Amino acid sequence: MDLTAIQPAILIASLMVSSTPILLAALGEMVVERAGVLNLGVEGMMITGAVAGFAVAINSGSPALGFLGAAAAGAALSLAFAVLTQLLLSNHVATGLALTLAGLGLSALVGKPYEGMKAPSLPKLDLGPLAEIPFFGRVLFSHDVMVYLSLALVAGVWAFLRYTRAGLILRAVGESAEAAHALGYHVIRVRILAILFGGALAGLGGAYISLVRVPQWTEGMTAGAGWIALAIVVFASWRAGWVLVGAYLFGGVTVLQLNLQAAGAAVPVALLSASPYLVTILVLVIISARGLQGAPAALGRSFHASG
Amino acid sequence: MHRRTLLSTAAALAMGLGLPAAAQDDPMKIGFIYVGPIGDGGWTYTHNQGRLAVEEHFGDAVETVYQESVPEGADAVRAMTQMALSGADMIFATSFGYMDQVLEVAEKFPEVKFEHATGYKRADNVSTYSARFYEGRAVQGHIAGRMTDTNVIGYIASYPIPEVIRGINSAYIHAKKANPDVEFRVVWAYTWFDPAKEADAATALIEQGADVILQHTDSTAPLAAAEAAGDVIGFGQASDMAEYKPSPRVSSILDIWGPYYIDRIQAAMDGTWESQDTWHGIGDGMVGIGEITDAVPAEVREEALALKESIASGEYHPFTGPINRQDGSPWLADGETADDGTLLGMDFYVEGLTGEIPN
């Protein structure tokens with residue numbers, strides 16, 4: 001066993017890359033749930049974003065346009081969910097599951113001509129001398145723009161929910177739609193906007209897989225990342241900062257266990273493979289024990305002004 | 001009706017064979033059950049290529065139907081029962097995990113012929129078939145051993161089942177012969193198909209010094225990771241993965257099911273179909289070696305092709321002694337070759353491999 005072969009700086013840099021898709025998707029879903037909507041269609045929106053981002057990037061030659069296209073496609077799919085659950089008052093859980101199935105099927109169909117093609121790569125930001133700093137240069141200053149954008153979004157969402165009036169309204173809608181309605185806020189509009197934001201971020205997360213992390217299009221390539229993102233939201237007790245911790249923890253343990261295997265660590269492989277799930281569940285239990293769970297009170301409940 | 005009679009008569013003439021009366025009235029209906037999507041670029045993709053070869057060969061004499069992404073377990077019973085009820089004469093179930101379900105459905109439909117890939121349970125109307133992928137792994141191992149500069153070869157394994165372990169052993173034995181300093185690092189991904197995880201596994205191996213990546217998972221993600229890293233080579237798995245030519249993909253192991261499917265369907269048409277077990281390799285054409293690209297020096301390519309030929313002709317068996325088990329106890333004496341029974345149940349590493357096989 002040669003653990004010295006694992007270099008911490010490279011390890012941390014890789015875990016940031018492998019965590020970014022679930023971080024983006026989980027952050028979006030967190031906002032959706034804070035508005036009182038449970039959208040289980042994250043996997044479907046991610047895979048839609050993955051194929052749309054890939055297709056746009058190939059056709060335009062620009063990864064940046066690819067990511068925009070992915071966000072638009074994710075938001076468009078989530079709009080279907082928004083119309084069904086908010087205007088037609090369908091059940092959140094059933095509609096979300098249907099969204100996942102629809103997304104998987106649709107992406108397979110759309111993606112057929114793109115199998116085996118190579119996407120234009122997203123260049124790493126050139127931060128000049130910063131990237132030369134030992135350790136921190138590799139960890140912090142040698143990534144592509146999406147990694148920084150995802151971190152900025154975490155900070156932005158945190159500040160939005162905590163300090164802005166709009167954020168307060170969104171939380172009010174999620175805690176008690178009736179009270180928010182009585183105060184004159186447009187519950188349905190707020191929820192639809194939240195759903196679109198969640199869809200766009202899930203789309204970005206999917207595109208990060210197909211354009212950066214893998215990078216290629218393969219049918220079903222998100223392989224359950226959307227479900228992990230949903231779990232991370234619960235793990236994070238609906239807080240932006242904890243979403244970041246959860247996503248990096250999950251991604252980090254995943255990368256770490258693969259590195260430990262590659263280094264020939266004398267730990268049973270079955271335990272290593274299960275470790276991302278075990279560690280995440282463990283932390284979830286600890287957090288719950290501290291009484292920090294705080295699910296939005298109106299989560300998953302349909303609202304109608306007549307109610 | 002006239003047109004249909006004409007077509008089937010033409011088809012019968014084209015084959016120049018006396019078909020049983022039933023087959024002249026209707027095309028023979030063949031069902032395929034797939035474990036993944038036909039667009040996976042690997043295992044299921046190659047089985048579907050086999051189905052397309054059947055259609056091309058028999059034309060209107062057959063009608064094929066397939067169902068994708070059928071989970072192993074109770075759903076497979078439903079899918080196969082539905083196919084049998086809707087008139088399928090023959091059903092190919094193309095994943096190991098359908099084994100008990102195939103037998104269950106086969107018992108209910110004694111007139112329908114079943115072919116089960118990679119399984120070992122048979123019945124009067126159930127045959128099994130698989131390919132000797134380890135023969136291809138030997139050629140791959142040789143190229144890997146000759147091509148590595150760091151002497152570290154990364155291997156992305158899926159599940160600890162005999163087929164995967166055979167592949168690791170075969171690749172290792174031949175890499176070691178080509179380069180005595182070679183070292184294998186095996187990562188168990190516990191998935192057949194998860195591009196993101198496969199890419200992470202490849203990246204982890206590359207970061208720890210591997211400059212050759214072998215994979216027993218189905219997506220092209222490890223090749224994409226190898227390309228991104230630069231100076232790292234890999235191989236196509238199951239299908240050619242030609243889009244990564246000439247490098248990082250320097251060669252590939254191909255699963256070629258079409259000829260077998262055509263043979264078995266022909267046998268069913270002729271009335272000579274019998275339950276049997278088939279395990280074909282390079283020599284029978286079920287395992288192919290994809291083009292070895294110019295990224296490989298001519299000398300190494302010649303050696304690899306010679307190795308392939310000697311395996312194909314039966315002159316050389318990839319598991320020829322002396323070979324010891326990992327713990328140093330003797331397995332094969334000098335010149336002795338492994339028997340199929342041991343290979344089919346292989347659950348141990350050969351000497352020189354490090355790490356443990358998870359159970």
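In chain A, 77% of the contacts with a separation of 6 or more are made by residues 24 or more positions apart, a contact being heavy atoms within 4.5 Å. The model is predicted, so local features need pLDDT of at least 70 and side-chain atom pairs pLDDT 80 or more, while totals for chains, interfaces and linings use all residues. Residues are numbered from 1 along each chain as its sequence is written, chains are lettered from A in the order in which they are written, and side-chain values use heavy atoms, without hydrogens and water.

Chain A contains 12 helices and zero strands, these elements being DSSP runs (H or I, at least four residues, for helices; E, at least two, for strands) numbered from the N terminus. Of its 307 residues, 54% are buried, where buried denotes under 20% relative accessible area, exposed over 50% and partly exposed in between (1.4 Å probe, protein chains only).

Over all chains, 16 salt bridges are found, each defined by a side-chain nitrogen of Lys or Arg within 4 Å of a carboxyl oxygen of Asp or Glu. One of them pairs A:Arg213 with B:Asp200, with 2.4 Å between the closest N and O atoms. A:Arg213 belongs to helix α9 (residues 187-213) of chain A and B:Asp200 to helix α8 (residues 195-207) of chain B, so this pair joins two chains. Both A:Arg213 and B:Asp200 are buried.

Within chain B, B:Asp340 and B:Arg132 form a salt bridge at 2.8 Å, N to O, although 208 residues separate them. B:Asp340 is partly exposed, at 32% relative accessible area, whereas B:Arg132 is buried, at 13%.
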